[in-house]
Amino acid sequence: MSLSRTPSDVTPDRVEKSKEAESSPATEDPYEVTLSQAEDPQNIPLGRKWLATLILSLSSVCVTCNASISASASVGVANAFAVSEEITVLALSLFILGLGLGSLIFQPLGEIYGKNIIYRLSFVFLFAFTWPVAFAPDIAVYTIFRFICGFCGSAFLCIAGGTISDMFSNAEVATPMAIFTISPVVGPIVGPVIGGFINQNTSWRWTFRVMLIWIFFQTILIVVCVPETTIQVLLSKKVAKLRKTTGDVKYWASVDRVAGGSVRSALLANLYKPFEILIFDLMSFLLALWNALILGILYLAFQSFPIVFATQHHFNAQMTGLSFLGLLVGVLLALATQPLWNAFMRRKAAAHNGVPPPEANLVMGQAGGVLVPV
């Protein structure tokens, strides 16, 4: 029984691999299991691809909105727990720290166990641990569980892009990836806007009760609408199903015969590999430094805007939150330029035998490098 793909089952950017397979004098194993055309993530109906992309992007907005929304609640938290507003800044800082540390853990787990189970558990735990924040009895519980919430929510910043690249071919992925890429920037901007209206009209605790409601509905959307796209996991499940239904343990997939380490070794490698790249690859270090600077400036705005607009210009909480919409306008204008960059990459691809050079991607960064200080 052969479950291998035929050439017609292969999507355009996978044709090269199929041609290599055809040219090699391989003997076909009747027990080797591969994905059929219908099972290939890139052959998911276009509408479902875009629905999953929008849900993942909205989930990323939800997580990063949760990060920044605490800034609008800082006065209420300080008054409730009799601490200085400087102490309440920890709620934002620890959440961001959790986002960074969690990404190191969830990325390899997503490749081993599948991205869907990580998404679902991420939001289930984010929902569970937001309750102690919303009903915190003291500042210690409030700040500790803010860190845990950041850790749980970090999955969407490290593996959701992989789901999108699994579903779309190289020629199609630029626009959906651009939409997902701006979502971690939109979220922090939306947070103070929502938080400003909440804290102007009710208790600071409703800031996080509203987040609980959002996280709950977001979890349902993830479970219902986001498919599993990790090839290794899809193949492993198919092999397990065939072995169970036929009673024959001879069925196997290529992922079964690839040398790999344990979960422990994968986690350890993922912990040190980013730092190894930063130390030995100067370009990666400089790009990471640039991203850190941009995000640092963005999150600094959540503490500086209230000083500028509330203290100096006497804005109320609602108006101070609305002052962040200027950042959102800039983000949306940047997204509107994506068709221009798509056309630019097509021209580069046409000039280089269909494969644009990696350096072409830096042109967008060069434009941003000029516009940011301006």
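These legends walk through an overview and a few close-up views of a predicted model.

The model is predicted, so local features need pLDDT of at least 70 and side-chain atom pairs count only at pLDDT 80 or more, while totals for chains, interfaces and linings use all residues. Residues are numbered from 1 along each chain as its sequence is written, and side-chain values use heavy atoms, with hydrogens and water left out.

**Overview. The protein chain has 17 helices and zero strands.** Helices (H or I, at least four residues) and strands (E, at least two) are DSSP runs, numbered from the N terminus. Of the 374 residues, 38% are buried; here buried means under 20% relative accessible area, exposed over 50%, and partly exposed in between (1.4 Å probe, protein chains only). Among contacts (heavy atoms within 4.5 Å) with a separation of 6 or more, 80% join residues 24 or more positions apart. The chain exposes about 19800 Å², and carbon and sulfur atoms supply 69% of that area, computed by the Shrake-Rupley method with a 1.4 Å probe; for residues, only the protein chains shown count as cover.

**Close-up 1. Helix α16 covers residues 338–351.** Take a look at its buried residues: Q338, W341, N342, F344 and A349. Seen down the axis of α16, they fall within an arc of 160°, so they line one face of the helix; the arc is that of the directions from the helix axis to the C-beta atoms. These buried residues pack against α9 (174–201), α15 (325–336) and α17 (362–371). On the other side of α16, you will find P339, L340, R346, R347, A350 and A351 exposed. N353, with a positive phi near 55°, follows the helix.

**Close-up 2. A nonpolar patch lies on the surface.** Its members are F275, L278, I279, F280, L282, F285, L286 and L289, with about 870 Å² of accessible area together. L282 lies in helix α13 and is exposed, with a relative accessible area of 58%.

**Close-up 3. T230 sits in the loop between α10 (205–225) and α11 (231–246).** T230 counts as buried, at 1% relative accessibility. Leaving aside neighbours within four places in sequence, T230 is in contact with G110, E111, G114, K115 and D166. T230 and G162 are 68 residues apart in sequence, yet 8.4 Å apart in space, C-alpha to C-alpha.

Note on methods:
The expected span of a helix is 1.5 Å times one less than its number of residues. Patches are made of residues with over 30% relative accessible area and no salt bridge: like charges are joined within 9 Å, nonpolar side chains (Val, Leu, Ile, Met, Phe, Trp, Tyr) within 5 Å. A salt bridge is a side-chain nitrogen of Lys or Arg within 4 Å of a carboxyl oxygen of Asp or Glu.
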